[in-house]
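This briefing concerns a single predicted model.

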Amino acid sequence: MMNQLGVSSNIKQLAERLVAFEAAAQNSSKDDAHATCRVCEKLRRPLTTLTGTAGFTSVLSRALTLAKREAPALRVVQIRPDGSMEGLSSETATAHSVLVAYLLNLLVTFIGEVVTMWLLTDIWPDVPALELSSPRDESK
């Protein structure tokens, strides 16, 4: 099921899990801005190799633009030319996973679900049962 702006609930849940995993790895709160930055930074490395810095910056900027519609608190966040972010803070905490969800959604759109999942499991091998799709209903 997709929300009104086009991110499936599975992608949203996956984004929340990745942010929570990164926060737990640093013993910080689930909505820690640094956890969101770490998720994006860990994605930045391989995606910059694939698309270049400008390509990654473009995708992250688009994800931020889309996420701002759902989470206006992100309006203070800026993407630097190198693809890093500034402006994430505890005040924007409720929006952190929204930004990651839109980034994941764009990755699925551009490189496909299989490659996105390969990338995620390569980066986060310790996050159990990473998946974007719900299992298919075999009774159909």
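A crossing is called left-handed if the near helix is turned anticlockwise from the far one by less than a right angle, and right-handed if it is turned clockwise. By that convention, α1 and α2 cross in a left-handed manner.

**Packing of α1 and α2**
- The two helices, α1 and α2, pack at an angle of about 115°, and their axes lie 15 Å apart.
- On the α1 side, the residues that meet α2 are Lys12, Leu18, Val19, Glu22 and Ala23.
- Their counterparts in α2 are Ala35, Thr36, Arg38, Val39, Lys42 and Glu70.
- Sorted by class, this contact of α1 with α2 comprises five nonpolar, one polar and five charged residues.

**The largest nonpolar core**
- The largest nonpolar core holds 42 residues, among which Leu43, Leu74 and Leu104 touch the most other members.
- Two or more residues of this core come from each of α1 (9-25), α2 (33-70), α3 (96-111) and α4 (113-123).
- The greatest contribution to this core is that of α2, with 13 residues.
- Apart from residues up to four places away in sequence, Leu104 touches Ile11, Leu14, Ala15, Leu18, Leu43 and Leu120.

**Leu103 in α3**
- Helix α3 contains Leu103.
- Because its relative accessibility is 0%, and the limit for a buried residue is under 20%, Leu103 counts as buried.
- Beyond its neighbours within four places in sequence, Leu103 is in contact with Cys40, Leu43, Val59, Leu60 and Ala63.

**Ser84 between the strands**
- Ser84 is placed in the loop that runs between β1 (78-79) and β2 (85-86).
- Is Ser84 buried or exposed? With a relative accessible area of 13%, Ser84 falls under the 20% limit and is therefore buried.
- The side chains of Ser84 and Asp82 are joined by a polar contact of 2.6 Å.
- When neighbours within four places in sequence are set aside, the residues in contact with Ser84 are Arg44, Gln78 and Ile79.

Notes
Residues are numbered from 1 along each chain as its sequence is written. This is a predicted model: local features need pLDDT of at least 70, side-chain atom pairs count only at pLDDT 80 or more; totals for chains, interfaces and linings use all residues. Side-chain values use heavy atoms; hydrogens and water are left out. Helices (H or I, at least four residues) and strands (E, at least two) are DSSP runs, numbered from the N terminus. Buried means under 20% relative accessible area, exposed over 50%, partly exposed in between (1.4 Å probe, protein chains only). A polar contact is a pair of N or O atoms within 3.5 Å; within protein, one must be able to donate a hydrogen and the other to accept it, and residues adjacent in sequence count only if both atoms are side-chain atoms. Contact means heavy atoms within 4.5 Å. A nonpolar core is a set of buried Ala, Val, Leu, Ile, Met, Phe, Trp, Tyr and Cys residues joined through side-chain atoms within 4.5 Å. Axes are lines fitted to C-alpha atoms, for helices over the stretch in contact, and angles run from 0 to 180 degrees between N-to-C directions. Ala, Val, Leu, Ile, Met, Phe, Trp, Tyr, Cys and Pro count as nonpolar, Asp, Glu, Lys and Arg as charged, and the others, Gly among them, as polar.
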